[in-house]
Amino acid sequence: MHRLRTEHFEMDLERDGNISGFRCAKTGRAFASGTPKSPIVRVWANGASESPSACSLSESGRIAVEFKDSGLRLDIRVVERPLYLLFELERVIGPIPSVVLWGPYATTLSGSIGESVGVVHDGEYAIGIQVLNEKTIGGHPVDVPTGTVAEYADAKMDYADSAAWPAPEGGSLLQAYARNRTRAERRSVWGQADIPVSPFSGFDAELEGAKIALFGCPVERVLDTIEAIELGEGLPHPTIDGEWAKKSPAANQSYLITDFSEATIHEAVDYAKKAGLRYVYHPEPFANWGHFELKPSSFPNGDSSMKACAELAEREGVYLGVHTLTNFTTLNDPYVIPVPDPRLQSAGTAFLTDSIDAGDDAIGVSDPVPFRLNLYRRSIVVGGEIIEYEAVSAAPPWTLLGCKRGVNGTTAAAHDAGAEAGRLWDHPYDVFFPNLDLQDAYVDRLTELFRNTGLRQISFDGLEGVYATGHEDYAVSRFVKRCFDGWEREVINDASIVVPNFLWHVHTRFNWGEPWGAATREGQLQWRLHNQRYFARNFIPRMLGWFLVRSASASFDATTLDEIEWVLSKAAGFDAGFALVADLKALRRNGNVDALLAAVREWERARRKKAFTPEQQARMQDPKSDWHLEPVDSDRWRLYEVDVVGGFVCSPEELQPGQPGGADWAFFNRRGSQALRFAMKVTSAYGGSDAGIRRPAFQVQGRYITFETEVDAGQYLVCDGDPIGKVYDCNWNLLRSVATASEPLTVRNGGQTISFSCRFAGEPKPIVEVTFFTRGEPEVVRAKE
């Protein structure tokens, strides 16, 4: 038995190549699980998995692991660092296997299983695995049988993509692998079975050099240990203002997403500064994806225009970023038209069985399989022509039917028998994808853009598109790592839901959750909450996703202050950043933008200064809770819990004959007695845009307040607990203020009736909807940092 040791961790390796012990070096607590066995390394060769038959450790720190059945030996370098153990495959002696697998290593720990970071812990002690280069992948290869895989309902990643996973009999597994990529193979690729995968050569394609670190430590030392691994082994170590991103409070700062241009960048920066935000991010700056040429309408001088924007912003203390779809390739990109690049990724190839002319609409092929794949478009490339087909013949001779020639701006041409026909890999976004070589050119362009312009933020949305290369998470890590190396400055970066263990080190954070097509409080709510659990167990700075500032539309009302404060209170509760999405037209159009941005500024300032107590944060995490924050001075705020109670409707269809207009509503106030606050909206019925109401009045406990004004359809009347009513248009632009002769009404604690009356004008008569707001007692919160 060989014992390996660090400051906090001991590992016992038996002579049969299995790990028999994981222990805390300080307390002696044992964490190794005997089920399943934990081989230090396994191989997949000739369609079979093999565990070691013997293992020996030399005085020079090399482990020789022998495999009797396949007749090969792996020589592994072992280094006992102060905080972790290093294992590197130095040499393969004998037949080269297809895959080398590290583990899985079974532990008894199961309280928290970080599938991406590769760390498991019980709240006190943690054990972790880290891959140390791009070609070593955290997870399990999809083409190697796994045996029983435990269910992990809360996981974000699949088992194959996870460095940590629950063990079937309890406890947890840690796992990684490296693949021999020097040989052509067929395997599952991006959900499609039996896809040909092209080989390549060089260090990354070979098994030698695959490398991992194992460690154990108290939970509070996990980040310190991973940082030591990054620095000690030359892994990416991104910083923000000089501090490691995984520890920096700036990692989860919020930001503004808006469609700035060279002509409007000053506006975008002004809005960001009003909100106290340091980053402005463009959602769609590119005219194409692939060459990533900037839209000439927004950036007429290309990179020079973006550089001018970045320089103006930076003078104001603001940095710029852009959104990408990684390797998605638009059909208007020069890699597609007028002549498709031969490095576009195919999902399979065949050969033309007969020569064809430029007008032929039936094309014979040697193999129907690639053309039956269930992709989005039915596109093939032959020479410099892209052809779309409607179907494949049901029987030989195999024929592509209903062919459209010279599509996507390419030119129809004659082709000889024997010419290669490649099925282009595509996607519902109406894009193609590059192969491994061409994607490097995409990286070169993105890094050139960042160096040329001074951009400081990026999202690798659509990162899963890199799977089309067939090279799994290696290709993903290769893409992002090359970007990281090429930026030559600090760049905040995130990605879509593809988080290989290696890229945990590169990505600053992840900001998942989209606002499209749903109300603010409803858009992907459970997804956003689920993300918070994932971030916590994977030691990732928390983010809540994107939230939209809307103008009024046929589907949604314009964004209100209480909606924004709902977002801000959740961000404060989880200590999570977010993106505020608002195009410049909406920011100009909405009359309450200054109030919305001021709320963002105060809430984010309080969050960054750690003003909220853990108890307050726990209450604010409740998605059913609403809150309001008011500044007292630079370091103090008043925090109110708020009840937002809507659904009070006065409809003319429910009035008695001759009744001018009114309703009695049962209302329960669970807070203390306070002045009546409400927002009333008048909505047209059946398209009656000329309708409205006159002299709206409210009665509580025999007292009235009447507003001598008209409120037309599409307008609001708001009273904030004072004798002033304010009438707004549909986008919260103030039209007029109306003073009343009455004192504000009071709603007492408990149940009561609120009566409403008005006179309807126009036909068809409109509908009146009222939302009431009550507040709890103020809680004074103070800055702690």
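The following questions and answers go through a predicted model of a single chain.

User: How many helices and how many strands are there in the chain?
Analyst: In this predicted model, the C-alpha trace of the chain spans about 95 × 80 × 50 Å along its principal axes. Among contacts between residues at least 6 apart in sequence, 69% join residues at least 24 apart. The secondary structure of the chain comprises 11 helices and 53 strands.

User: What percentage of the residues in the chain are buried?
Analyst: The chain exposes about 30300 Å², and carbon and sulfur atoms supply 48% of that area. A residue counts as buried when its relative accessible area is under 20%. By that cut-off, the buried share of the 785 residues in the chain is 59%.

User: How many disulfides does the structure hold, and which cysteine sulfur is nearest to that of Cys719?
Analyst: A disulfide requires two cysteine sulfur atoms within 2.5 Å, and the structure holds 0 of them. Cys719 is in no disulfide, since its nearest cysteine sulfur is 16 Å away. Cys719 is buried, with a relative accessible area of 4%, and Cys55 is also buried, at 6%. The sulfur nearest to that of Cys719 belongs to Cys758.

User: What distance does helix H10 reach from its first C-alpha to its last?
Analyst: Helix H10 covers residues 593-608 and has 16 residues. Its buried residues include Val593, Leu596, Leu597 and Val600, and also the charged residues Glu602, Glu604, Arg605 and Arg607. At 1.5 Å a residue the expected span is 22 Å, and the reach of H10 is close to this, at 22 Å.

User: Is Phe539 buried or exposed?
Analyst: Phe539 has a phi near 55°, which is a positive value in a residue other than glycine. Phe539 is found in the loop between helix H7 (525-537) and strand E37 (543-548). Because the relative accessible area of Phe539 is 18%, and the cut-off is under 20%, Phe539 is buried.

User: Which peptide bond has an omega near -5°, and which has an omega of about -10°?
Analyst: Most peptide bonds are trans, whereas the two asked about here are cis. The bond with omega near -5° runs from Pro396 to Pro397, and the bond with omega of about -10° joins Glu763 and Pro764.

User: Which residues is Ala32 in contact with, leaving aside its neighbours within four places in sequence?
Analyst: Ala32 lies in the loop between strand E3 (19-24) and strand E4 (42-45), and it is partly exposed, with a relative accessible area of 26%. The C-alpha atoms of Ala32 and Ser393 are separated by 57 Å. With those neighbours left aside, the contacts of Ala32 are Ser20, Gly21, Phe22, Ala106 and Thr108.

Notes
Residues are numbered from 1 along each chain as its sequence is written. This is a predicted model: local features need pLDDT of at least 70, side-chain atom pairs count only at pLDDT 80 or more; totals for chains, interfaces and linings use all residues. Side-chain values use heavy atoms; hydrogens and water are left out. Buried means under 20% relative accessible area, exposed over 50%, partly exposed in between (1.4 Å probe, protein chains only). Helices (H or I, at least four residues) and strands (E, at least two) are DSSP runs, numbered from the N terminus. Contact means heavy atoms within 4.5 Å. Accessible areas come from the Shrake-Rupley method with a 1.4 Å probe; for residues, only the protein chains shown count as cover. The expected span of a helix is 1.5 Å times one less than its number of residues.
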